[in-house]
Amino acid sequence: MTLDEILVEIKNAQNIVVMAHEAPDGDAIGSSLAMYVALKSINKEVDVIIPEYSRTFDFLPNSNEIKKEGRNENWRNMSR
């Protein structure tokens with residue numbers, strides 16, 4: 001998938017889930033939260049799903065928006 005195709009998908013979506021890899025480090029958490037801010041700035045509904053991470057990173061802006069699981073069954077099954 002090209003960057004242009006990704007942009008089209010983002011523009012067409014209203015609800016977007018941002019996920020990090022298992023046992024995420026600061027880079028993964030920080031970039032997930034940065035993507036959250038960027039997507040919110042273009043009026044997207046965004047969930048950041050990180051089931052487990054070190055609370056050392058709770059100082060990051062918007063870390064309070066991180067969720068352990070998605071809102072519905074379809075989103076939870078996307079990671080499988």
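## The loop around Ala23

Let's start with Ala23, which sits in the loop between β1 (15–19) and α2 (26–41). This is a predicted model, and in it Ala23 has a positive phi of about 50°, even though Ala23 is not a glycine. Is Ala23 buried or exposed? Its relative accessible area is 66%, and anything over 50% is called exposed, so Ala23 is exposed.

You'll find Asn43 in the loop between α2 and β2 (45–49). With 62% relative accessibility, Asn43 counts as exposed.

## The overall layout

Stepping back, the protein chain has three helices and three strands. Walk along from the N terminus and the elements come in the order α-β-α-β-β-α. The chain has 80 residues, and 28% of them are buried.

## The largest pocket

Ala23 turns up again here. Which residues line the largest pocket? They are Met19, Ala20, His21, Glu22, Ala23 and Pro24, together with Ile49, Ile50, Pro51 and Glu52. Sorted by class, that makes seven nonpolar residues, one polar and two charged. The space inside the largest pocket comes to about 160 Å³.

Pro51, one of the lining residues, belongs to the loop between β2 and β3 (66–67). Its relative accessible area is 44%, so Pro51 is partly exposed. How far apart are Pro51 and His21 in space? From C-alpha to C-alpha the gap is 9.8 Å, while along the sequence Pro51 and His21 are 30 residues apart. His21, like Pro51, is on the list of residues lining the largest pocket.

## One salt bridge

How many salt bridges does the structure hold? There is one, and it joins the side chains of Asp47 and Lys67, at 2.7 Å from N to O. This pair ties together distant parts of the chain: Asp47 is in strand β2, Lys67 is in strand β3, and 20 residues separate them. As a rule, side chains of opposite charge can pair when their charged atoms come close.

What about how open each partner is? Asp47 has a relative accessible area of 3%. The limit for buried is under 20%, so Asp47 is buried. Lys67, on the other hand, has 32% relative accessibility and therefore counts as partly exposed.

## Met35 and Val18

Now for a residue in helix α2: Met35. Met35 has a relative accessible area of 38%, so Met35 is partly exposed. Met35 and Val18 are 17 residues apart in sequence, yet in space their C-alpha atoms are 7.5 Å apart.

Finally, have a look at the start of the chain. Which residues make the nonpolar surface patch of about 380 Å²? Met1, Leu3 and Ile6 do. Of these, Ile6 has its place in helix α1 (residues 3–12). Ile6 counts as partly exposed because its relative accessibility is 34%, and a residue needs over 30% relative accessible area to be part of a patch.

Key:
Residues are numbered from 1 along each chain as its sequence is written. This is a predicted model: local features need pLDDT of at least 70, side-chain atom pairs count only at pLDDT 80 or more; totals for chains, interfaces and linings use all residues. Side-chain values use heavy atoms; hydrogens and water are left out. Patches are made of residues with over 30% relative accessible area and no salt bridge: like charges are joined within 9 Å, nonpolar side chains (Val, Leu, Ile, Met, Phe, Trp, Tyr) within 5 Å. Accessible areas come from the Shrake-Rupley method with a 1.4 Å probe; for residues, only the protein chains shown count as cover. A salt bridge is a side-chain nitrogen of Lys or Arg within 4 Å of a carboxyl oxygen of Asp or Glu. Helices (H or I, at least four residues) and strands (E, at least two) are DSSP runs, numbered from the N terminus. Buried means under 20% relative accessible area, exposed over 50%, partly exposed in between (1.4 Å probe, protein chains only). On a 1 Å grid over the protein atoms alone, a cavity is a set of points where a 1.4 Å probe fits but cannot get out, and a pocket is an open set with protein on both sides within 12 Å along at least five of seven lines; lining residues have an atom within 4 Å of a point. Grid points are joined across faces, edges and corners, and a volume is the space filled by probe spheres set on the points. Ala, Val, Leu, Ile, Met, Phe, Trp, Tyr, Cys and Pro count as nonpolar, Asp, Glu, Lys and Arg as charged, and the others, Gly among them, as polar.
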